[in-house]
Amino acid sequence: MPTKQIIQHIGALLDLAGVLVIGVGVMVATVVYAVRCGRTRQVVAHYRAYRQGVGRAILLGLEFLVGGDIIRTVAVSPTFTSVGVLALIVAVRTFLSFSLEVELDGRWPWQGKPPVGSAPGAGRT
């Protein structure tokens, strides 16, 4: 089997892994959320943890998808057009990852983590 085909298969496997990570992660987060809500009957209390679980699954899945794109583009067809398309895809996925990270943590990445036990938003000006 030629090297180009092997690299294509590896890229496709990384894409598949990314999709599976997102799908399974969302299902696991949903099941955990349903079980927690079923036990406590407090839907709103567990919603933030559910969103964080879904967000983490999406972030990890995006990492696999970007890896698959990089492998296929750089190793298989390194033309200016394909590298430009890759740069655009990586930029969009990086923006999505950044946005999800801010959404999950509730703070900008350059802001330090609040001390344990402090109220959210404490120490901000």
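1. Arginine 72 is buried, with a relative accessible area of 19%. The cut-off for buried is under 20%. The model is predicted, and the points below should be read with that in mind.

2. The structure holds 2 salt bridges. In one of them, aspartate 15 pairs with arginine 72, and the closest N and O atoms are 2.7 Å apart. Aspartate 15 belongs to helix H1 (residues 3-40) and arginine 72 to helix H2 (residues 47-76), so this pair ties together parts that are 57 residues apart in sequence.

3. Aspartate 69 also forms a salt bridge with arginine 72, at 2.9 Å from N to O. These two residues are 3 apart in helix H2, which means about one helical turn separates them. Aspartate 69 and arginine 72 are both buried.

4. Taken together, Asp15, Asp69 and Arg72 are linked in a network of salt bridges. Asp15 is listed among the buried residues of H1.

5. Which residues of H1 are buried? They are Ile7, Gly11, Asp15, Gly18, Gly25, Ala29, Tyr33 and Cys37. H2 is included in what covers them.

6. The length of H1 checks out. With 38 residues at 1.5 Å a residue, H1 should span 56 Å. The C-alpha atoms at its ends lie 55 Å apart, so the two values agree.

7. Arginine 41 follows H1. The phi of arginine 41 is positive, near 60 degrees.

Definitions and conventions:
Residues are numbered from 1 along each chain as its sequence is written. This is a predicted model: local features need pLDDT of at least 70, side-chain atom pairs count only at pLDDT 80 or more; totals for chains, interfaces and linings use all residues. Side-chain values use heavy atoms; hydrogens and water are left out. A salt bridge is a side-chain nitrogen of Lys or Arg within 4 Å of a carboxyl oxygen of Asp or Glu. Helices (H or I, at least four residues) and strands (E, at least two) are DSSP runs, numbered from the N terminus. Buried means under 20% relative accessible area, exposed over 50%, partly exposed in between (1.4 Å probe, protein chains only). The expected span of a helix is 1.5 Å times one less than its number of residues. Contact means heavy atoms within 4.5 Å.
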